[in-house]
Structure formats: structure tokens, C-alpha cells
Number of protein chains: 2
Amino acid sequence: MIHVFGHLNPDSGTVCTAYMAARWLTIKGRNAQAFRLGELNRETNYIFRHAGLTPPPLLDDSLAGKDVWLVDFTEPAQGPASLNESNVVGIIDHHRLGGLITQLPPEVWIKPVGSSATLLWQLMTPTIRHEISPSEAILLLGAALSDTVALRSPTTTDEDRQAVDELCSLAKVDREDFIRNLLTAKTDIVGLNADELLNKDSKMFDISGNKVLVAQLELYSLDQAEPLIDELKSAMEQRVTTSGAGLVVLMLTDISAECSRLYFAGPALTDNAPCTIAGMLSRKKQLLPWLHARLG
Amino acid sequence: MIHVFGHLNPDSGTVCTAYMAARWLTIKGRNAQAFRLGELNRETNYIFRHAGLTPPPLLDDSLAGKDVWLVDFTEPAQGPASLNESNVVGIIDHHRLGGLITQLPPEVWIKPVGSSATLLWQLMTPTIRHEISPSEAILLLGAALSDTVALRSPTTTDEDRQAVDELCSLAKVDREDFIRNLLTAKTDIVGLNADELLNKDSKMFDISGNKVLVAQLELYSLDQAEPLIDELKSAMEQRVTTSGAGLVVLMLTDISAECSRLYFAGPALTDNAPCTIAGMLSRKKQLLPWLHARLG
């Protein structure tokens, strides 16, 4: 059986696309099962509830010797520890290549589009699309809209727009309603403490030999995080110690004003003063090259 | 402009597919130019001569800051030193993922088929295939037949067989004649010294933290290499010192008897006695996992 899963600290893009990639493989006659690598966030819960589908179970076994299919990541640091003892048979992703070494040649489909869900939708032939139910289309739609911040992120391509149009008509949802509920769930941080906020959407990267942890929080307004900033800063300092990262970055993304405020902790960067960067919405397309230029 | 190229010590698969990948990108309206990363071997020369086409020029500039498209490899050790300063925008391959880290999300198409040429042919839409001349089809055909040892290698899939059928009819060559000339050119080692033989088709790998150089020689009969074995062994010992590899492997593949004789040099392996393995034809699919089990 092929174990299909996305990255640790799963977001909607990674969980929904893993679920649908397993479905796609199953329709193609392969024995596949989706897993998640952590608790669902509020937005992902909303999508599965709206679709009336059961989220994939938590992966808790070792992957040693197992066939696996990665969705939405290729960075070894973003997967489980036993990943390097598994046999990677396939990958669907829309991020940079992150240094993975496989034992045998896998099937790899990566494209610089806004969501892995868009690429998976493109990989589905008309016959396979015919097998996809409206509920399942909601998962792909939710993933594509979440990853592209409702098609507003600079990572959005015409291919994402086309996929969203096609999925909307298959999913039969009220588009504006669905987007509003999605963004509300995505930016809801009420009742979460600093540690939970840092874990909400955090990924580990290797940048020019530095271990870099980047936590992103998408907000309607930066004011939402204001009361927690001091607590967040000390949680970041603690994270430097516990994770062994040379740099911890907190990226507060204001999806209304379309800018990001960056906070830093750790020894890898000499200038650790916070800064706000207009137009920055994407960790992948904007923040990573920005960090690369400073750490390279 | 996108620089399109395959691995160092280029074989027919890598040079012909790089040429045609640049052609494919050009037809799709992108500005692309193919390069080779070393001298052509006798077989590749035969293919280009037969096609009446000019081989790509040698890459001798630094790739720093340039857009590049990799064909037939993703192992950083198999590319030029400046690869990690370039911007990888695309990959077409049929090998394992080799640990490459890119700056931005590239377009990646990898499939466990016998040749990158087969995958490139599959990526071509009917409209694009219509633009391919019979001479250009010879390059893809030569690449696919060379990589699969005329469809005999265990890496051969039905997709390779189908591509070869389609390309044969487009290329309008006498199939059996072409295969015979290809295999003769491929296995011709007359007049080459031990160093030239080790360079003929050699690739560097990272296997469980060990730097491993694997040189493969495809022969009609192991007898062809017999007179040179002592010279080859001392060239391998020298290569351990000059390349810094923990292990140098010489794989003499008898394509008639369908077996490989392996010679070893270097400190990474304790048992360095030569051995012959029946049925072993593929470095990628058979030797690499074999080495992985011994070095892991």
C-alpha cells in the first residue's frame, strides 16, 4: 500500500491534496491511503465539515520500507524522521526542490502554480474527473483557495484560476460564501496561545546550510496579533533553543493590506530588527528568496 | 535564455534529450539553448551524424544567476560546480532524486521509464510533435534505444516500447540497421586507454553519506576488456585519490550474456573482491540499490 501524505504542521493545501491524491491513485487502480502529519487547523476542519468527508487519520507508524507518495513538499526537514528509510514512489508539489534523495526513480510532478491541488486537478484525465464527487471537488477547491489566499497571493497563476472555476462548477458551492468562511476560519486566532500560533503553519528549511524555521500567520489585520507580540517573541527565543534552528522567523501576513511584518530570533542573522515589507504575501515565492539573499 | 543540459560525462541519452528539450521549449515559445557537459562518445557521434544535425556546444561559462533546465539528472555531483548558483526552472529525468535544492519552485517531470527521451516524447502534444522533423526524431529514438540497450535493459517499460515505435515511424530509419550500428558504436572500446574507459560513462553519487564514483562500460563480451583489467584497476586506485571518492566501482556490463562484472577500489567497502552478477544490466535500477544495501 502507498502511504500518501503532506508536510508536518499540515495546512489545508497539504491535507486536502493528500486525501485527493490517494483518491486519484485509487481510481487509477493503485492501493493508496492518505494520512495527515499533525492536527487539523480550523480552516481545514471547516473544509472537511463543509464537504461532509472524514479527514485522513494521523500517521504514527514508522515509514521504514514502505512505499510513500509525498504531496505538497519535498524538504526532508518537513517530513517525518523515518522518511529517509521509506521508498518514495511519487511526488506532487508546487514548492522548490528541498534536497530529498530517493532510492529509486519516483514519479514526480512539480509545477510553479499556486497550489498542489491545481496540479493534481490537471493530472486528472476527463475519465478520472468524472469519478470525482461534488464533495471531493470541495476538498480540491478549498486547498486551491487556501493556498492562493482566495486567488490573491502573487503565487496565483491563470492555471489556478481555471482550476478554481472548474472545481466551483463541479463542487456546486456558493463561491463568495465559501471564500468568506474559509478566510474567517484561516485568520481566526482567538483563544490560541503563542506556542499554538507558532505551530499553526510552521515549516523548517535548509537555507545555505542554515536550519531556518518559518512560521506564518495569515491575518485580516496585524492588530489581531498585537496583544500577543511579547509572548510570541519569547516563544521564538525558546524555539531557537529547542529546535536547534539558526534562525526562527515569524511572518505576520496581513491579507487585507497585502504586506508582511517579519520578526526574527536566533544567531544566523546579525540584524534582528523587525521589519514590514509591502506586497509580501508568499513565504515560498517572496520570503524564501529574501532570506536566501541575506543568509547566502 | 534558458540553458538546457544533461550530466557530466554525457551519454547519448543526456545529449540527445537536452538538444530536443531545448527544441521543445523553443516550439513552446521559450528562449532556450542546449549545451553538452563534455566530449561526445562514439555512439552519440554516430546518432548526430546519422541525423545530420550539429551537436550542442560545450558549456564553459559559469551558470551563476542563469536560468537552467536539467535533463537526465538531478544529482548535484553530476552537474557543473556553478549549478548551485543558478536558477533551476525545469527538470526532465528518469533517475532517482539526488538531493538538489532549488531557489524557486521549478517545473519537474520525472518518471521511472527507461529513458528521459520517452518522457519528453510523452510531454509533447500532437501539435508539437507535428513540428518535429524525421532528423530530430532520430535523436529521441537514439536516446531511447541507447538508454534501454535497444529495449533489453530491465529499466525498459511499455511506455518506452511505444515511444520507440512512434519515433521509428516518424524517423523513417531501418530499425534493425540503426540498432546494430548503435550497439556497435556503444561497445567500441578499441584504441581507448584505461583512463578514457573510466571516463566513458562515469557518474558520481552520494550513497548514505559516501561519495561513490560508478563507471559503466557496456560491452558485447567481457573479453573486450580483459587485456586492460590490470591497467583499469590501477586507474581506479588513482581515481580514489584524485576524486576523493570513498568508493570507485567499475561495472563491466555484458549486453549479450546479460550480466555485470564489478570491480571495486577505495576504503568505503571492506570486501573489495570483484564479483559477477547474473542479470544485472542497469546501474540505476540494480547496482545503486545493491550498493545502498552494502553502504547503508
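Asp271(A) counts as exposed, at 54% relative accessibility, in what is a predicted model.

**The annotated span of chain A**
- An unreviewed UniProt entry carries the annotation "domain: DHHA2" for residues 179-295 of chain A.
- Helix makes up 37% of residues 179-295 of chain A and strand 30%, and the end C-alpha atoms of the span are 37 Å apart.
- Asp271(A) and Arg294(A) are 23 residues apart along the chain, and 9.9 Å separates their C-alpha atoms.

**A negative patch on chain A**
- Asp223(A), Glu226(A), Asp230(A) and Glu231(A) together form a negative surface patch.
- Glu231(A), one of these patch residues, belongs to helix 9 (residues 229-243) of chain A.
- With a relative accessible area of 42%, Glu231(A) is partly exposed.

**Positive phi angles on chain B**
- Ala150(B) is not a glycine, yet its phi is positive, at about 55 degrees.
- You will find Ala150(B) in the loop between helix 5 (134-147) and helix 6 (158-171) of chain B.
- Ala150(B) has a relative accessible area of 17%, so this residue is buried.
- Ser208(B), also not a glycine, has a positive phi of about 50 degrees.
- The loop that holds Ser208(B) runs between strand 6 (202-207) and strand 7 (210-219) of chain B.
- Ser208(B) counts as partly exposed, at 40% relative accessibility.

Note on methods: Residues numbered from 1 in each chain as written. Chains lettered and ligands numbered in written order. Predicted model: local features only at pLDDT ≥ 70, side-chain atom pairs only at ≥ 80, totals over all residues. Heavy atoms only, no water. Patch = residues over 30% accessible without salt bridge, like charges linked within 9 Å, V, L, I, M, F, W, Y side chains within 5 Å. Areas by Shrake-Rupley, 256 points an atom, 1.4 Å probe, with all protein chains shown as cover. Salt bridge = Lys/Arg side-chain N within 4 Å of Asp/Glu carboxyl O. Lys, Arg positive; Asp, Glu negative; His and termini not counted. Charge placed at Lys NZ, Arg CZ, Asp CG, Glu CD. Helix = DSSP H or I, 4+ residues; strand = E, 2+ residues; numbered from the N terminus. Buried < 20%, exposed > 50% of the residue type's maximum accessible area, 1.4 Å probe, protein only. UniProt positions renumbered as here; feature names shortened; annotations may be inferred.
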